[in-house]
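Have the model open and follow along.

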Amino acid sequence: MSFADSLWHETAGETFKARPPLPGDIDVDVAIVGAGYTGLWTAYYLHSIDPSLRIALVERKIAGFGASGRNGGWCSALFPPASTGIARRHGPDAAVAMRRAMHEAVVEVGRVAEAEGLDIHYARGGTVQLARNQAQLARARELVEGERGVTGDVEGLELLSKEGAEEHARATRVLGGTYTPHCAAIHPLRLVRGLASRVEARGVSIFERTTASQIRPGAVLTDHGTVRAEIVVRATEGYTPSLRGQRRKVVPLYSLMIATEPLSAEAWDQIGLRHRETFADLRHMRIYGQRTADDRLAFGGRGAPYHFASRTRPSFDRNQRVHSALRGVLVDLFPVVADFEVTHEWGGALGIARDWHASVGLDRRRGVGWAGGYVGDGVATTNLAGRTLARLITSQENGLTRLPWVGHSSRSWEPEPLRWLGVNAGRLLLSGADRSEARRGRPAKRARAFARFIGY
Ligand SMILES: Cc1cc2nc3c(=O)[nH]c(=O)nc-3n(C[C@H](O)[C@H](O)[C@H](O)COP(=O)(O)OP(=O)(O)OC[C@H]3O[C@@H](n4cnc5c(N)ncnc54)[C@H](O)[C@@H]3O)c2cc1C
């Protein structure tokens, strides 16, 4: 089972004893389905606004079992869609407001961790994205120009020369890149487990090994009884399709990771990442890495297949082809890594909305709230979601509740087999585009445009 296979699980410093399930029917003020970051941040901020609220979370496995306990630990200001997409849909002021809110979220995660005494290995070293062929270099320029064209200097996104990029990470074939200061590397599982223990200590109930089958206005139906509540929040992200009536809300896409043993000081002298900058290159099929607090490389990427009917299974967390390819890419970036062992392989499901637009909202009439569709950018975004949901639920409207993702509604994904065909075609096109760009140096525009057209 992949949850226990991860580096994060081994280094979380705890025994993962499950909490008891729901004891039968109960009444609360707010019921939350899913004890990942979204559910726990919502509980955390709800309790801090109104400590008298009765809040209960139901979790199918244990807190942190989902993407929150398995991710790459980029606590970043990335948000789907990017500023240009937000400006197109909601206007340039909305894009600037969203950028500022995301910057604050990165800081807020670190602030809460410190205030709560959570040792999450937070290091705000920013993100370097490397351009390693001419097509990626062109994309670096486009990214910086696009961002500046919409939000001016708000993002502080720098275009890097070859030397500038190598100041951060000395990878092979680097031609340039981009750098943003708005990212911290963290230990993701320590954050989610720590949040669970802090909210529980304040009186929030967490029922583990309790599976919700349906969310209804005023109630969550589970295999251990019904939680009746004025407000019910769906915080199930990639697992949402397993809930009754929610099959086409998001597609679960698997992202897989590996981690190495700790590298030697000499190896780190060659690689760099002195400030624990998170790193990627600018290929289409996203890769992401961090230098961990104990000097390993934790590295991941997309590319695993989408499974028919949006199924999620523990066996999908491992894919030898993708895990081996990840090791190959890591060694290609930093050849010295070939001398070190890969000690961990794992993966997990993230959630993608049909228009690749994350959203948060509350349907007050039905008493149902939600947040999700973060693609692979949920670590900081879930914090913003939790603060926003807490304000929506307690009717404390402010700037947060007016951000453009609040109340955004994405259309449903296509029924099968179209969904399977479209998502997997997009995946193959993007990896084909990366191979062609690496060979020819020219941007593979047609493949990219087609992938975008089908929503990938
Ligand atoms: C391998 C990987 C790497 C990633 N890397 C990054 C990264 O570096 N930076 C970043 O910003 N984002 C990253 N992400 C995405 C990020 O982890 C997620 O967006 C975020 O954790 C979502 O949090 P969540 O609480 O909404 O969902 P989850 O953490 O998935 O939590 C949902 C919870 O709901 C529970 N649940 C599901 N169905 C039910 C049910 N029916 N009844 C009861 N409980 C249920 C699940 O067990 C789970 O615990 C990555 C994701 C993956 C998989």
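Phe-79, Pro-81, Ala-82, Ser-83, Ile-86, Ala-95, Met-98 and Arg-99 line the second largest cavity. Two elements give two or more residues to that lining, helix H4 (83-90) and helix H5 (92-115), and H5 gives the most, with 3 residues. (Helices, H or I with at least four residues, and strands, E with at least two, are DSSP runs numbered from the N terminus.) The volume here is about 30 Å³. By class, the lining has 6 nonpolar, 1 polar and 1 charged residues, where Ala, Val, Leu, Ile, Met, Phe, Trp, Tyr, Cys and Pro count as nonpolar, Asp, Glu, Lys and Arg as charged, and the others, Gly among them, as polar.

Before going further, keep in mind that this is a predicted model, in which local features need pLDDT of at least 70, side-chain atom pairs count only at pLDDT 80 or more, and totals for chains, interfaces and linings use all residues. Residues are numbered from 1 along each chain as its sequence is written, and side-chain values use heavy atoms, with hydrogens and water left out.

As for the grid terms: on a 1 Å grid over the protein atoms alone, a cavity is a set of points where a 1.4 Å probe fits but cannot get out, while a pocket is an open set with protein on both sides within 12 Å along at least five of seven lines; lining residues have an atom within 4 Å of a point. Points are joined across faces, edges and corners, and a volume is the space filled by probe spheres set on them.

The structure has 2 cavities of 30 Å³ or more. The largest cavity comes in at about 790 Å³. Its lining takes 50 residues, with Gly-66, Ala-67, Ser-68, Glu-237 and Ala-349 nearest the centre.

Now for open space. The second largest pocket holds about 570 Å³, and among its 22 lining residues Arg-283, Met-285, Val-329, Ser-431 and Asp-434 lie nearest its centre. H10 and helix H12 (418-440) are the elements that give two or more residues to the lining. That lining counts 8 nonpolar, 4 polar and 10 charged residues. Arg-283 also belongs to a network of salt bridges with Arg-132, Arg-173, Asp-281 and Asp-332.

A salt bridge here is a side-chain nitrogen of Lys or Arg within 4 Å of a carboxyl oxygen of Asp or Glu, and there are 24 of them. Take Arg-70 and Asp-317, whose closest N and O atoms are 2.9 Å apart. This pair links distant parts of the chain, 247 residues apart: Arg-70 is in the loop between strand E2 (55-58) and strand E3 (74-76), Asp-317 in the loop between strand E15 (297-301) and helix H10 (320-333). Arg-70 counts as buried because its relative accessibility is 4%, and Asp-317 does too at 5%. (Buried means under 20% relative accessible area, exposed over 50%, partly exposed in between, with a 1.4 Å probe and protein chains only.)

A local counterpart is Glu-166 with Lys-162, at 3.0 Å, N to O. Both lie in helix H7 (residues 162-168), 4 residues apart, about one turn of the helix. Glu-166 is partly exposed at 22%, and Lys-162 is partly exposed at 37%.
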